[in-house]
Every structure is written in structure tokens, then in C-alpha cells.
Amino acid sequence: VLVIDSTAKVSSENLISKLKVYKLPKDKPAQPGMKEVKNYQWTNFGVNSISEEVIKASVPVDIQIIPSENEFEKVQSFKISVSPDDFIYVQIDEGVNFYGNYFLPKMYNKVLKVKPYPVEISILSEGDIISMNGSHQIPVLTRGIEKVVFNVWRLKPAEINHIISQS
């Protein structure tokens with residue numbers, strides 16, 4: 001998701017008409033007087049390292065509007081399909097019409113590194129006592145985790161009141 005925060009309210013349709021997003025190549029292409037650079041860190045030099053040759057070597061990214069509550073908002077969100085740790089070049093051309101008939105006077109551009117997905121694990125209930133009969137499943141939400149290990153043990157019926165008093 002690409003989130004654009006502006007100082008004035010703008011409609012997502014107006015903004016997307018002037019918005020371009022490119023997935024930058026992994027390696028910086030050779031340019032006149034410069035060799036190709038492997039595994040280039042595009043954010044080190046920002047937009048100064050973006051040239052026409054780089055744009056030609058980049059892949060345009062499809063942009064889809066994520067609808068907001070109101071037609072005009074200061075924060076607009078767009079769905080894009082890029083992988084974590086990719087570098088993207090975002091360009092907003094001049095002339096975007098903001099609420100109140102204000103216009104973006106000059107082009108805005110920025111190089112961004114796509115952040116990796118956050119690693120998360122949580123049990124989807126406050127606490128569970130698994131009975132000996134019926135379902136033996138614990139609902140778990142995971143993101144970015146390949147393996148989960150549980151330690152499960154049996155409680156004597158006389159100890160259950162003690163465990164409940166501790167929670």
C-alpha cells in the first residue's frame with residue numbers, strides 16, 4: 001500500500017491521474033561516463049540518481065485506488081504490487097488540483113524502499129482450555145512466521161482453580 005499525505009485535501013481520482021510509480025532495477029544501469037553498479041541502494045542518493053536511462057530500465061507499477069470515506073482527503077491510499085526490499089520511484093506531476101482550486105506548482109518525486117512485512121503472532125482468544133472431547137484447535141494469527149511450536153500439558157482437575165486464580 002502506498003500512502004500519500006498532503007497538506008491540502010485532494011481527490012484520489014485527481015491524484016492518480018498525475019501519479020506514476022516505477023519499480024527501480026536491482027542494479028543501476030551503465031550511463032555515459034559511469035559503470036553499472038550492482039545491488040545499488042537507490043535511497044542513498046535519492047532522486048538525484050534517477051535519470052531517463054533509469055526510468056527506461058524500470059518497471060511501471062499498476063496503481064489502484066483504495067477508496068476513502070470522503071471524496072477529498074489529505075491522506076490517500078493506493079494499492080501497488082511490489083515485493084519487500086524493492087526500491088520504488090514515486091512521481092507526482094505538476095498540476096494536481098487540490099480542494100479550493102489550488103494546484104501543485106511543480107513536480108514532486110521521491111525514492112522509497114519498500115519495508116518488509118511485520119512479523120507477528122498472536123493467539124486469537126483470551127485464553128483457552130482445551131477439553132478432552134471435541135475440537136483440539138487453538139486459533140492463531142501469524143504473519144511472516146514459517147513455524148510455530150506449542151507446549152501443551154495436562155492439568156489435574158484439582159489444580160484448575162489454582163490456575164484460574166492466577167489469571
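Biologist: Where is the place of Val148?

Modeller: Val148 lies in the loop between β11 (140-143) and α3 (160-166). Helices (H or I, at least four residues) and strands (E, at least two) are DSSP runs, numbered from the N terminus. The model is predicted, so local features need pLDDT of at least 70 and side-chain atom pairs pLDDT 80 or more, while totals for chains, interfaces and linings use all residues. Residues are numbered from 1 along each chain as its sequence is written, and side-chain values use heavy atoms, without hydrogens and water.

Biologist: Why does Val148 count as partly exposed?

Modeller: Buried means under 20% relative accessible area, exposed over 50%, and partly exposed in between (1.4 Å probe, protein chains only). Val148 has 34% relative accessibility, so Val148 counts as partly exposed.

Biologist: Why is Gln91 called buried?

Modeller: Gln91, found in strand β6, has a relative accessible area of 12%, so Gln91 is buried.

Biologist: What makes a polar contact between the side chains of Gln91 and Asp93?

Modeller: A polar contact is a pair of N or O atoms within 3.5 Å; within protein, one must be able to donate a hydrogen and the other to accept it, and residues adjacent in sequence count only if both atoms are side-chain atoms. The two side chains make such a contact at 2.6 Å.

Biologist: Why do β3 and β9 stand at the edges?

Modeller: The open sheet has 4 strands in the order β3-β2-β6-β9, with antiparallel pairing. β3 (59-60) and β9 (108-113) each have a single partner strand, so one side of each lacks a neighbour in the sheet.

Biologist: What makes β2 and β6 a pair?

Modeller: Two strands pair if DSSP finds at least two bridges between them. β2 (residues 19-23) and β6 (residues 87-92) have 5 bridges, in the antiparallel sense.
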